[in-house]
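Q: Could you walk me through this one? I'd like to know what can be read from it and where to be careful.

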Amino acid sequence: MKPKIMILGPVLAVLLALGAIGAWPALSGQDGSETRSESRMDTSAFDKVRRPAALFDHDDHNEKAGLDDCAVCHHVWENGALLADESSEDSPCSECHGLAPGPENSMALANAFHTQCRTCHIDAGKGPLLCGQCHRKIQGGE
Ligand code: HEC
Ligand code: HEC
Ligand code: HEC
Ligand code: HEC
């Protein structure tokens, strides 16, 4: 036991010193980059996940974007028409948008997200449009 502790001691001291001077930015987020606790989309509806989950902090996003009407995103359609006075915030998008387009819904899930997010960002002239701006690499692994 003893020799191990004697080796670990100095190693720990170096690591602690690095942490203290902020030389460990990827893990500590001290360079201003996102840390692991930031809000991202839940990707569990996809069977394969090829990209880091998209950045999306629901309430913060909608407040900054000035979106009060839930149905702008959580919509309800019937017979090919959008129902103006109804919203579907109790259902995940995947409840209606399958991984592949089907008879019930012509827009597959990834396409549904991309179309909704990007269309508004283009119209608003604000918000990310490029792959890496939404699917930003997660700092410090995970
Ligand atoms: C900019 C689009 C947008 C607007 C506006 C919006 N939401 Fe959402 N909301 C989303 C997305 C995207 C998700 C994630 C859906 C998914 O993963 O299938 C979500 C998820 C949710 C969830 C599920 C949360 C969870 O953890 O499962 C609730 C509840 C919700 N929204 C309520 C609301 C309410 C209430 C409003 C209006 C005050 C609103 N949303 C406005 C886009 C939006
Ligand atoms: C209750 C079922 C339902 C839910 C939940 C739902 N959708 Fe849809 N969505 C539809 C239907 C039906 C259509 C019409 C598709 C068609 O024409 O085949 C549609 C159309 C769309 C379209 C194309 C038309 C448009 O509005 O631009 C997009 C984009 C879209 N949905 C994104 C989303 C996103 C993102 C979510 C989650 C925030 C979501 N949908 C939640 C049923 C739903
Ligand atoms: C109805 C309009 C609208 C929709 C839909 C929308 N956004 Fe945005 N988004 C905005 C606006 C406007 C901004 C700029 C806000 C500001 O002024 O900072 C923005 C900004 C952002 C930003 C920059 C950081 C932040 O939170 O402000 C991210 C990331 C983002 N959007 C992700 C998404 C994703 C992911 C979706 C789809 C799930 C989405 N947005 C759907 C309007 C929208
Ligand atoms: C405005 C934000 C935004 C932009 C820009 C964007 N995506 Fe996405 N993307 C999303 C959201 C939201 C989802 C659904 C939740 C998730 O996977 O994070 C998604 C899902 C995906 C998925 C399915 C899930 C997975 O990881 O396999 C792929 C693949 C994907 N995007 C690739 C791309 C590519 C390639 C580009 C550029 C051409 C791109 N995205 C641009 C927001 C965006």
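**Working through the model**

A: One place to begin is N105, which sits in the loop between β2 and α4. This is a predicted model, and N105 counts as partly exposed because it has 13 C-beta neighbours inside 10 Å.

Q: What does N105 contact, leaving aside its neighbours within four places in sequence?

A: N105 is in contact with C96, H97 and G98 once those neighbours are set aside.

Q: Stepping back, how many helices and strands does the protein chain have, and in what order do the elements run?

A: The protein chain has five helices and two strands, and from the N terminus on the order is α-α-α-β-β-α-α. Of its 142 residues, 1% count as buried. Among contacts between residues at least 6 apart in sequence, 31% join residues at least 24 apart.

Q: And the confidence: what is the mean pLDDT of the protein chain?

A: The mean pLDDT is 81, with 71% of the residues at 70 or more. Among the elements, α2 has the lowest mean, 38, whereas α4 has the highest, 98.

Q: Where does pLDDT stay under 50?

A: That is the case over residues 1–37, a stretch for which the model has 21 contacts beyond four places in sequence.

Q: Back to α4, then. How does its end-to-end distance go with its number of residues?

A: The two agree: at 1.5 Å a residue, the 16 residues of α4 should span 22 Å, and the C-alpha atoms at its ends are 23 Å apart. Just after α4, G125 takes a positive phi of about 65 degrees.

Q: Which residue has a positive phi although it is not a glycine?

A: That is N79, with a phi of about 45 degrees. N79 is found in the loop between β1, residues 77–78, and β2, residues 81–82.

Q: Is N79 buried or exposed?

A: N79 is exposed, because 5 other C-beta atoms lie within 10 Å, and the exposed class takes in residues with 12 or fewer.

Q: Let's turn to the ligands. Which residues are around ligand 1?

A: The residues around ligand 1 are D42, H58, N62, L67, C70, V72, C73, H74, E89, P92, C93 and S94. By class they divide into six nonpolar, four polar and two charged.

Q: What about ligand 3: how many residues surround it, and which are the closest?

A: Ligand 3 is surrounded by 21 residues, of which A65, C117, C120, K126 and G127 are the closest. The elements that give two or more residues to this shell are α3, residues 58–64, and α4, residues 109–124. The largest share, six residues, comes from α4. The shell around ligand 3 has 13 nonpolar, four polar and four charged residues.

Q: And for ligand 4, which residues come nearest?

A: Of the 22 residues around ligand 4, the nearest are R50, A54, C117, C131 and C134. Two or more residues of this shell come from each of α4 and α5, the latter being residues 131–134. Here α4 gives the most, with six residues, and by class the shell divides into 13 nonpolar, five polar and four charged.

Q: A54 came up there; what else is A54 in contact with on the list for M41?

A: The list is that of M41, which is in contact with A53, A54 and F56 when its neighbours within four places in sequence are left aside. M41 is found in the loop between α2, residues 25–28, and α3. M41 counts as partly exposed because it has 17 C-beta neighbours inside 10 Å. M41 and D57 are 16 residues apart in sequence, with their C-alpha atoms 8.0 Å apart in space.

Q: What does A53 touch, not counting residues up to four places away in sequence?

A: A53 touches R40, M41 and T43. A53 is found in the loop between α2 and α3, and with 18 C-beta neighbours inside 10 Å A53 counts as partly exposed. From C-alpha to C-alpha, A53 and S39 are 9.4 Å apart in space, although 14 residues apart in sequence.

Terms used:
Residues numbered from 1 in each chain as written. Chains lettered and ligands numbered in written order. Predicted model: local features only at pLDDT ≥ 70, side-chain atom pairs only at ≥ 80, totals over all residues. Near = placed C-beta within 6 Å. Helix = DSSP H or I, 4+ residues; strand = E, 2+ residues; numbered from the N terminus. Nonpolar A, V, L, I, M, F, W, Y, C, P; charged D, E, K, R; others polar. Buried ≥ 20, exposed ≤ 12 C-beta atoms within 10 Å, placed from the backbone. Contact = placed C-beta atoms within 7 Å. Expected span 1.5 Å × (residues − 1). pLDDT = per-residue confidence, 0-100.
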